[in-house]
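Visitor: Could you walk me through how to read this structure?
Guide: Gladly; let us look together.

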Amino acid sequence: MRLDEYMDIERDERAERRRLAEEKSYGILDHLETFQDRFEETVQGDSLYGGVSPSIFVGRSNYPNVSTGILSPVGHDEDAASFETSAAWYDEGVSIDDVFQRRTSLLNSNRGTKVTNVADSWDGFLGTQREVAIADRPVTVEIGLDGKPSLDLDASADDVATPVGPRARARSADLAENPHVPKLVKKTLEDDDWNAEGAMTYLYRRGFDVYDINTILSAGALGQTEQRRLVPTRWSITAVDDTLGQYLRGQVKHADSIDGVEIYRNEFIGNAFWVILAPGRWEFELIELKAPGSVWNPDPEAGMYLAADREGYEGRTGYVNETAGAYHASRLGVLEHLQERGRQAKALVIRHVSDDYWGPVGVWQIRESIRHAFEGEMADAETFGDAVRDVTEYLPISLGDLRRKSTMAAGLQTDIFDFA
């Protein structure tokens, strides 16, 4: 199927399941104004808050002395699970408003601590936090707070991984029920000689998704005893995507190559993703196009901002400089698809961030968009070069601009019209 035919089908079949942010919405400000009322209705007596907690958060400021907290959706105990970041958000088709309203409904009851020496921390605040993290469903907790929460929401670039809502210092935290912990998680906890990478891979191979694993890792519940420590949430997300990506690359790098050039496309929350797979040994590159007026390129007069990172057959040896967590999240989605097929390929992912993307929702939307890009129809091309040229017709940059940024596209033959 040629790309223009594929685009017609894509528009018809996917329009209903996407709720894109067609207008910049600031209704979240109205939502914040109602939080204090819901909080005051929930707090009992001397600042004792009782609620259902689906997850935790570990900050990264002042590392290794960090703020670590238990997240609770105030006034939403009955549907607390829906406030935890997961693949279900994509299936639900959430908007930026939806994400921000859920995040700003999460009270972060926190306290400061050192990240080290947490292997045996099963009592007190850290113990309760860890029980919440390893449970497979939300847990009822009772938290003693020092005063009212601060409504200081900072939805900045630094909060891309998991922006959180109001915060309050916690004096204490206790379980109000016995949490249910999966047997496989207990196994990783009890094996003190198992390094964190091996434990992550073990859980993933047995059906745990990245969202479950990064929460367990963040709580300091994986790894050899002397190495168990709290991991800032933003770092744990990238660490899990990277570790599992390396595992999957090892699974596919000796497999047969795909036979032809394939083109996939997906859109979600103001982001458009193109995935080009071509025959050959494993190679991966992510190119990001960030439109003026988008969250990462806010100046409407700035022009398109391009970022890129790549790896060859043996993977990366250095830090991902330009695309950060987006690189590992998108690579994981591609490798999952190839591993399921038992094939390897050269893979180029192009992400176009439009000005509809007015607020950061997290790298989960990149991971899920790539995962779901491989569903349904695909387009094809005779060669990798043809595929790149075809896709460029739908991008807001020229092939010449793309070649100057992309290592994979740089080897394509060009003519003067490519720089128009």
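**Core and sheet**

Guide: The largest nonpolar core holds 64 residues, of which Ile213, Leu277, Val334 and Trp364 touch the most other members. Helix H10 (residues 324–341) gives the largest share of this core, seven residues. Such a core is a set of buried Ala, Val, Leu, Ile, Met, Phe, Trp, Tyr and Cys residues joined through side-chain atoms within 4.5 Å; buried means under 20% relative accessible area, with a 1.4 Å probe and protein chains only. This is a predicted model: local features need pLDDT of at least 70, side-chain atom pairs count only at pLDDT 80 or more, and totals for chains, interfaces and linings use all residues. Numbering starts from 1 along each chain as its sequence is written, and side-chain values use heavy atoms, without hydrogens and water.

Visitor: Which residues is valine 334 in contact with, leaving aside its neighbours within four places in sequence?
Guide: Contact means heavy atoms within 4.5 Å. For valine 334 the partners are Val275, Leu277, Trp282, Phe284, Ala347, Val349, Ile370 and Phe374.

Visitor: In what order do the six strands of the open sheet lie?
Guide: Strands are DSSP runs (E, at least two residues) and helices likewise (H or I, at least four), numbered from the N terminus; two strands pair if DSSP finds at least two bridges between them. Here the order is S11-S10-S13-S9-S8-S14, with mixed pairing. Strand S11 (305–311) and strand S14 (379–381) each have a single partner strand, so one side of each lacks a neighbour in the sheet.

Visitor: In which sense do S10 and S13 pair?
Guide: Strand S10 (residues 283–290) and strand S13 (residues 346–353) are parallel, over eight bridges.

How values were computed: Buried < 20%, exposed > 50% of the residue type's maximum accessible area, 1.4 Å probe, protein only.
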